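Hi there,

My notes come after it.

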Amino acid sequence: MAKAYIFLAEGFEITEAMAPADILRRGGVDLNIVSIGDSLNVRSAQGISVTADTIIDGTILYNISTSDIMVFPGGMPGTVHLAECRPLIKKMQDHFSMGGTVAAICAAPGLVLSLLPLDRLSAQKEQIRMTCYEGFEHELIAKGVSVVDPRTGVVEDGNIISSSGAGHAIDFGLRILARIKGPEIAGEVRKSIML
(Lines give C-alpha, C1' and ligand atoms only; values in the text may rest on other atoms or scores of the structure.)
Protein backbone atom coordinates (compact mmCIF):
# COMPACT_ATOMS: atom_id res chain seq x y z
CA MET A 1 0.00 0.00 0.00
CA ALA A 2 1.21 3.49 -0.84
CA LYS A 3 2.65 5.68 1.89
CA ALA A 4 2.84 9.44 2.29
CA TYR A 5 5.88 11.46 3.33
CA ILE A 6 5.46 15.03 4.61
CA PHE A 7 8.72 16.96 4.70
CA LEU A 8 9.22 19.63 7.36
CA ALA A 9 11.81 22.40 7.42
CA GLU A 10 12.26 25.14 10.01
CA GLY A 11 9.65 27.80 9.26
CA PHE A 12 6.99 25.54 7.69
CA GLU A 13 3.31 26.54 7.70
CA ILE A 14 1.71 24.56 10.55
CA THR A 15 -1.79 24.24 9.02
CA GLU A 16 -0.46 23.16 5.64
CA ALA A 17 1.50 20.31 7.21
CA MET A 18 -0.67 19.21 10.13
CA ALA A 19 -4.13 19.38 8.53
CA PRO A 20 -3.09 16.96 5.73
CA ALA A 21 -1.24 14.82 8.29
CA ASP A 22 -4.41 14.58 10.37
CA ILE A 23 -6.55 13.71 7.34
CA LEU A 24 -4.10 11.05 6.15
CA ARG A 25 -3.87 9.42 9.59
CA ARG A 26 -7.67 9.42 9.92
CA GLY A 27 -7.79 7.68 6.55
CA GLY A 28 -5.38 4.96 7.68
CA VAL A 29 -2.47 6.02 5.49
CA ASP A 30 1.03 4.95 6.51
CA LEU A 31 2.38 8.47 7.04
CA ASN A 32 5.97 9.50 7.72
CA ILE A 33 6.63 13.05 8.90
CA VAL A 34 10.24 13.77 8.02
CA SER A 35 12.44 16.54 9.39
CA ILE A 36 14.98 17.75 6.83
CA GLY A 37 17.13 19.15 9.65
CA ASP A 38 19.30 17.40 12.22
CA SER A 39 16.59 17.33 14.91
CA LEU A 40 13.22 15.64 15.16
CA ASN A 41 11.80 18.89 16.58
CA VAL A 42 10.91 21.35 13.84
CA ARG A 43 9.62 24.85 14.59
CA SER A 44 6.88 26.24 12.36
CA ALA A 45 6.62 29.77 11.01
CA GLN A 46 3.98 30.29 13.71
CA GLY A 47 6.41 29.28 16.50
CA ILE A 48 4.79 25.88 17.11
CA SER A 49 7.19 22.96 17.41
CA VAL A 50 6.32 19.60 15.89
CA THR A 51 8.12 16.34 16.55
CA ALA A 52 8.77 14.52 13.28
CA ASP A 53 8.78 10.73 13.00
CA THR A 54 12.26 10.64 11.51
CA ILE A 55 15.15 12.72 10.23
CA ILE A 56 15.97 12.80 6.55
CA ASP A 57 18.77 10.46 5.53
CA GLY A 58 19.70 8.17 2.69
CA THR A 59 17.64 5.31 4.12
CA ILE A 60 14.38 7.23 4.35
CA LEU A 61 14.85 8.63 0.85
CA TYR A 62 15.75 5.19 -0.53
CA ASN A 63 12.59 3.69 0.98
CA ILE A 64 10.24 6.03 -0.91
CA SER A 65 8.71 4.00 -3.74
CA THR A 66 6.97 5.25 -6.87
CA SER A 67 3.58 4.34 -5.38
CA ASP A 68 4.20 6.75 -2.48
CA ILE A 69 3.37 10.47 -2.34
CA MET A 70 5.92 13.12 -1.39
CA VAL A 71 4.21 16.11 0.29
CA PHE A 72 5.69 19.61 0.63
CA PRO A 73 4.00 22.19 2.88
CA GLY A 74 4.57 25.91 2.34
CA GLY A 75 5.50 28.58 4.85
CA MET A 76 8.48 30.88 5.08
CA PRO A 77 11.33 30.31 5.33
CA GLY A 78 10.46 26.60 5.39
CA THR A 79 9.76 26.35 1.67
CA VAL A 80 13.12 27.94 0.85
CA HIS A 81 14.83 25.38 3.11
CA LEU A 82 13.02 22.53 1.33
CA ALA A 83 14.13 23.86 -2.06
CA GLU A 84 17.74 24.12 -0.81
CA CYS A 85 17.87 20.51 0.47
CA ARG A 86 19.74 18.87 -2.41
CA PRO A 87 19.18 15.21 -1.43
CA LEU A 88 15.45 15.86 -1.05
CA ILE A 89 15.14 17.68 -4.37
CA LYS A 90 17.14 14.98 -6.17
CA LYS A 91 14.84 12.30 -4.71
CA MET A 92 11.74 14.33 -5.66
CA GLN A 93 12.99 14.69 -9.24
CA ASP A 94 13.79 10.96 -9.54
CA HIS A 95 10.49 10.00 -7.87
CA PHE A 96 8.50 12.18 -10.27
CA SER A 97 10.46 11.03 -13.32
CA MET A 98 9.62 7.40 -12.46
CA GLY A 99 5.89 8.23 -12.21
CA GLY A 100 5.65 9.01 -8.50
CA THR A 101 3.17 11.58 -7.22
CA VAL A 102 4.20 14.86 -5.61
CA ALA A 103 1.95 17.25 -3.68
CA ALA A 104 2.69 20.81 -2.64
CA ILE A 105 0.79 23.71 -1.12
CA CYS A 106 1.22 27.48 -0.81
CA ALA A 107 4.73 28.61 -1.83
CA ALA A 108 5.95 25.03 -2.33
CA PRO A 109 4.51 24.53 -5.84
CA GLY A 110 6.41 27.62 -6.98
CA LEU A 111 9.66 27.09 -5.09
CA VAL A 112 9.89 23.29 -4.82
CA LEU A 113 7.84 21.74 -7.63
CA SER A 114 9.26 24.25 -10.10
CA LEU A 115 12.51 22.28 -9.72
CA LEU A 116 10.86 19.39 -11.59
CA PRO A 117 11.33 19.08 -15.39
CA LEU A 118 7.98 20.78 -15.95
CA ASP A 119 9.04 22.59 -19.11
CA ARG A 120 9.80 19.26 -20.82
CA LEU A 121 6.42 17.86 -19.78
CA SER A 122 4.57 20.96 -20.97
CA ALA A 123 6.30 20.60 -24.34
CA GLN A 124 5.04 16.98 -24.61
CA LYS A 125 1.37 17.68 -23.87
CA GLU A 126 -1.01 20.47 -23.06
CA GLN A 127 0.26 22.82 -20.39
CA ILE A 128 0.45 21.37 -16.92
CA ARG A 129 -2.07 22.99 -14.58
CA MET A 130 -1.09 23.97 -11.04
CA THR A 131 -1.98 26.50 -8.38
CA CYS A 132 0.05 28.16 -5.64
CA TYR A 133 0.03 31.06 -3.22
CA GLU A 134 -0.19 34.45 -4.93
CA GLY A 135 3.24 35.82 -5.78
CA PHE A 136 4.91 32.40 -6.23
CA GLU A 137 3.66 31.67 -9.74
CA HIS A 138 6.62 33.18 -11.61
CA GLU A 139 8.82 30.07 -11.38
CA LEU A 140 5.94 27.91 -12.60
CA ILE A 141 5.07 30.21 -15.49
CA ALA A 142 8.74 30.19 -16.53
CA LYS A 143 8.47 26.38 -16.79
CA GLY A 144 5.41 26.59 -19.05
CA VAL A 145 2.85 25.77 -16.35
CA SER A 146 -0.69 27.12 -16.61
CA VAL A 147 -1.26 28.64 -13.16
CA VAL A 148 -4.85 28.31 -12.01
CA ASP A 149 -6.59 30.96 -9.89
CA PRO A 150 -5.57 30.34 -6.24
CA ARG A 151 -9.21 30.51 -5.14
CA THR A 152 -9.66 27.17 -6.93
CA GLY A 153 -7.99 25.65 -3.87
CA VAL A 154 -6.65 22.30 -5.08
CA VAL A 155 -5.59 21.31 -8.60
CA GLU A 156 -4.72 17.79 -9.66
CA ASP A 157 -2.94 17.22 -12.96
CA GLY A 158 -1.41 13.83 -13.63
CA ASN A 159 0.90 12.98 -10.76
CA ILE A 160 0.98 16.53 -9.36
CA ILE A 161 -1.37 17.77 -6.63
CA SER A 162 -1.07 21.48 -5.86
CA SER A 163 -2.90 23.82 -3.54
CA SER A 164 -2.85 27.54 -2.89
CA GLY A 165 -2.72 27.94 0.87
CA ALA A 166 -3.65 27.14 4.45
CA GLY A 167 -7.36 27.76 3.87
CA HIS A 168 -7.39 24.76 1.52
CA ALA A 169 -5.20 22.45 3.63
CA ILE A 170 -8.01 20.04 4.55
CA ASP A 171 -9.14 19.68 0.93
CA PHE A 172 -5.48 19.23 -0.03
CA GLY A 173 -5.20 16.39 2.51
CA LEU A 174 -8.44 14.83 1.28
CA ARG A 175 -7.20 14.90 -2.32
CA ILE A 176 -3.98 13.13 -1.29
CA LEU A 177 -6.01 10.62 0.72
CA ALA A 178 -8.27 9.95 -2.28
CA ARG A 179 -5.19 9.30 -4.43
CA ILE A 180 -3.84 6.75 -1.92
CA LYS A 181 -6.98 5.09 -0.52
CA GLY A 182 -9.65 6.00 -3.07
CA PRO A 183 -12.55 8.47 -3.12
CA GLU A 184 -14.76 6.34 -0.86
CA ILE A 185 -12.32 6.50 2.09
CA ALA A 186 -11.74 10.20 1.45
CA GLY A 187 -15.52 10.70 1.45
CA GLU A 188 -15.84 8.86 4.77
CA VAL A 189 -13.16 11.05 6.36
CA ARG A 190 -14.76 14.19 4.88
CA LYS A 191 -18.09 13.20 6.43
CA SER A 192 -16.49 12.31 9.78
CA ILE A 193 -15.07 15.82 10.13
CA MET A 194 -18.41 17.40 9.20
CA LEU A 195 -17.49 18.79 5.77
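This is a predicted model: local features need pLDDT of at least 70, side-chain atom pairs count only at pLDDT 80 or more; totals for chains, interfaces and linings use all residues.

Seven strands make up an open sheet, in the order β5-β2-β1-β6-β7-β11-β10, and the pairing is mixed. The edges are taken by β5 (54-55) and β10 (154-157); each has a single partner strand, so one side of each is left without a neighbour in the sheet.

Here are some of the pairings in more detail. β1 and strand β2 (residues 30-35) run parallel and are joined by six bridges. If you want a residue pair to look at there, Ala4 has Leu31 in β2 as its bridge partner. Two helices pack on this sheet. Helix α1 (residues 14-26) touches β1, β2 and β7, and its direction makes about 160° with that of β1. The other is α8, which touches β1, β6, β7, β10 and β11, with a direction at about 175° to that of β7.

β7 deserves a look of its own. It is parallel to β6, with four bridges between the two, and Ile69 stands opposite Thr101 in β7. Four bridges also join β7 to strand β11 (residues 160-163), again in parallel, and there Val102 stands opposite Ile160. How many of the residues of β7 are buried? Five of the five are, so the strand is largely enclosed by the rest of the structure. Thr101, Ala103 and Ile105 point one way from β7, while Val102 and Ala104 point the other way.

Helix α8 (residues 169-181) has 13 residues, which at 1.5 Å a residue should span 18 Å; its end C-alpha atoms are 18 Å apart, in agreement with that. Its buried residues are Ala169, Phe172, Gly173, Leu174, Ile176, Leu177 and Ile180. Just after α8, Gly182 takes a positive phi of about 100°.

In helix α1 you will find Met18, which counts as partly exposed at 25% relative accessibility. Leaving aside neighbours within four places in sequence, Met18 is in contact with Ile33 and Val50. Met18 and Ile170 are 152 residues apart in sequence, yet their C-alpha atoms are 9.3 Å apart in space.

Thr79 sits in helix α3 (residues 78-84). Is Thr79 buried or exposed? Its relative accessible area is 0%, so Thr79 is buried. Beyond its neighbours within four places in sequence, Thr79 is in contact with Pro73, Gly74, Ala107, Ala108, Leu111 and Val112.

**The nonpolar cores**

The largest nonpolar core has 33 residues, and those with the most contacts inside it are Phe7, Phe72, Leu88, Met92, Val102 and Leu113. The elements giving two or more residues to this core are β1 (3-8), α2 (58-63), β6 (69-72), α4 (86-97), β7 (101-105) and α5 (108-111). The largest share, four residues, comes from α4.

Apart from neighbours within four places in sequence, Phe7 is in contact with Val34, Ile36, Leu61, Ile64, Met70, Val71, Phe72, Pro73, Leu82 and Leu88. There is also a second, separate core of 32 residues, which includes Phe12, Val50, Cys106 and Ala169.

**The cysteines**

The structure holds zero disulfides. Cys85 counts as buried, at 12% relative accessibility. For Cys106, the closest cysteine sulfur is in Cys132, at 8.6 Å, and that is also too far for a bond, since a disulfide needs the two sulfur atoms within 2.5 Å. Cys106 is buried too, with a relative accessible area of 10%.

Happy to hear your thoughts once you have had a look.

Best wishes

Note on methods: Residues are numbered from 1 along each chain as its sequence is written. Side-chain values use heavy atoms; hydrogens and water are left out. A nonpolar core is a set of buried Ala, Val, Leu, Ile, Met, Phe, Trp, Tyr and Cys residues joined through side-chain atoms within 4.5 Å. Buried means under 20% relative accessible area, exposed over 50%, partly exposed in between (1.4 Å probe, protein chains only). Contact means heavy atoms within 4.5 Å. The expected span of a helix is 1.5 Å times one less than its number of residues. Two strands pair if DSSP finds at least two bridges between them. Axes are lines fitted to C-alpha atoms, for helices over the stretch in contact, and angles run from 0 to 180 degrees between N-to-C directions.
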